[in-house]
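Please look over the structure below. This report walks through parts of two of its chains.

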Amino acid sequence: MNLFHFSLQAQFSRHCFLKTRACLCFALTVCLWVVAAEVRANDHYEIVTNPGVNEKTLSVNSLRSIFSMRLKTWSDGTKIRVFVLSDDDQLHQIVSKEKLNVFPYQLRSTWDRLVFSGTGQAPIKVNSSEEMLARIATTPGAIGYLWRANINENVNVLEIK
Amino acid sequence: MKMLTCSRLSSYFSSSVRWLGKGVAVLWVIGDVSVQAQQLDQPQKQSESAQAPVKWVQAKDLPAEATEAGNSKEKPGVISTVLNWWHSTDRPGDLQIHGFVSQAYITTSDNDVFGNSDKGGSFGLTEAGLNASLRPLPRLQLSAQVLSRRAGEGNSGMPRLDYAIFDYRLYSQEVNQFGIRVGRLKNPFGFYNETRDVAFTRPSIMLPQSIYFDRTRNLGLSSDSVQLYGDTAVSDWGTLSTQFGVTLPVVNNRDTESSLLGLVRPGELNREISYIGRGIFETNDKRLRLGISGIWLNTSYDPKKLSSPLELGPGALEFTPVIFSAQYNSERWTLTSEYAIRPFSYDRNFKNTRLDGQHFVGESYYFQGEYRFTPNWEGFLRYDALFIDRSDRDGSDWVAKNPGGRSGLGHSRFAKDIAVGIRWNVTPAFMLRAEYHHVNGTGWLSGLDNPIDLKTGRPIDTHQYWDLFAIQASYRF
């Protein structure tokens, strides 16, 4: 009786444990998925420049200053030329939010203020990743962003600290 | 019994190891497949998964949007083809050309705003601008804009030079920049003044009139000046952008005369040295923006026809407004408030009892909330208040000074405007919007659109409580 009772208990607790473990396993999988997704998000695009640009690393603040069109020259005094995709493009939105930590509408209003008050210029808009790649590869001082899958040896990947 | 327990326990472990193994294997497979899928897939598809951590549910998911984007890709219009050519052709000196055109329809229950709006409405507000900018040297920018504005009696639509700027960057190091601008510059005050004619940059069709008076806009908009500017990093928090200019204000227009002198007079207002300055602090994520702007405007009157009953003496006046601005931006909300204190001071040489020795301090403020339902649909709600003389908020003291001539006109000394509106960004370049205002007071109505009867000195037809409804379409490139 005692033995039976114990084995029953053990079986029951085992059942519970299995269930919990399954749950845990599922939770872990979900966690890993989310982490993986985040890693992918950060991992699958890069800030890229024309190969002629000397900078290999850049601080986030300098990068934001460049995309806000305030910083206009590289450290060697040459012109910075900023290329962007359309405001509603997915990569543009991800780069704005994750790399620059601003919302796309805020970049747009910053650029509009510069252009229509005559105190600055807007970035150059391109229509596709292919065009972005081509323009950055051929324009001196160019900076932009690309999905990693679109990057080739004609552009430099910039490390952002 | 012990054996039984042991065997059970061991079975636990073995099975749990198996489980874990299976789990890892599954993860591996999933990971692998997804990575492979990504490498094979279109780059846009990758972003679907990358989008997971992005908080905002994209409006792109809406089918309407998707088809719209599809259409625009498949059938580029003539204009966009031309624009693409402009954008994609390498031009010397980084030439950029931008512009906008906006048309509004305004109807009011009483009083006239930008044309005869109270008799069935009017298409009296048209704004168009074209600008070009050039960077012949890395540190040098040249830019100019021509602006046409047709708005009631004050603006005929005749194109005028809005700005023409020579901008040289004196110092540039990562996040710190200093430079000088010379030419006709937009006056930097408040958040909106410099781009007030560009519908896309405004929160509404009518800017809060308490601070951005449209009746003295020519005076406030731009001036011939020399300006020093700088952007400096404030430790790791954000950037402080400052501008300081010495200017010659643009005062030779009817609207400004009518506002400052009560009427369009035979003589002219002189341009005298004035000063303007603004500082805006912006956090790195641009969520918080705080600003302070100040103007010290000087002008004097130059009589031309002493025989005219409307003529004044050679008086001088000083206008020294200070504006405090604050804005908070989140993904969906933008909350904005500005407060202005506006001291006017007339000397005693005008030889006119209404103006001589007048000194009063005006006060204005507004609170505004903008909400983005989706990236394409926005709404706003605003309360805007103006007091011509803050020590006499309902105008009763002003009426008491001349009860015969001013009785019932206390409402011309203030205006309280509640406005609500909606905006639809059809494409990034084309926008439609509508708004409704309920206004108590006539403090910011243009004297040119709502003239006074010269015999009685009273406005011919103004009403204290009135409503305004407006719609607008705007295109930019």
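Predicted model: local features only at pLDDT ≥ 70, side-chain atom pairs only at ≥ 80, totals over all residues.

## Terms and overview

Chain B has 477 residues, and 37% of them are buried. Now take its contacts with a separation of 6 or more. Of these, 59% join residues 24 or more positions apart.

Start with strand E5(B), residues 160-173. One residue pair to find is Tyr168(B), which stands opposite Ile180(B) in E6(B). The two strands form a hairpin, with 2 residues between them. Look at the turn: Glu174(B) has a positive phi there, about 45°.

E6(B) also pairs with strand E7(B), residues 222-234. These strands are antiparallel too, and 10 bridges join them. Here Leu185(B) faces Ser223(B) of E7(B) across the pairing, standing opposite that residue.

Which strand pairs with E7(B) over 12 bridges? The partner is strand E8(B), residues 238-249, and the sense is antiparallel. Within this pairing, Tyr229(B) has Gln243(B) of E8(B) as its bridge partner. E7(B) and E8(B) form a hairpin with 3 residues between them. Its turn contains Ser235(B), with a positive phi of about 40°.

E8(B) pairs in turn with strand E10(B), residues 274-283. That pairing is antiparallel and spans 10 bridges. Thr247(B) stands opposite Ser274(B) in E10(B).

## Helix H2 in chain A

Now move to chain A. Helix H2(A) covers residues 60-67. Which of its residues are buried? They are Ser62(A), Arg64(A), Ser65(A), Ile66(A) and Phe67(A). To count as buried, a residue needs 20 or more other C-beta atoms within 10 Å of its own.

What covers these buried residues? The cover includes three strands of chain A: E2 (57-58), E3 (81-84) and E5 (142-147). It also includes helices H3 (90-100) and H4 (104-117) of chain A. Just after H2(A) comes Met69(A), which takes a positive phi of about 65°.

Terms used
Residues numbered from 1 in each chain as written. Chains lettered and ligands numbered in written order. Buried ≥ 20, exposed ≤ 12 C-beta atoms within 10 Å, placed from the backbone. Contact = placed C-beta atoms within 7 Å. Pairing = 2+ DSSP bridges. Helix = DSSP H or I, 4+ residues; strand = E, 2+ residues; numbered from the N terminus.
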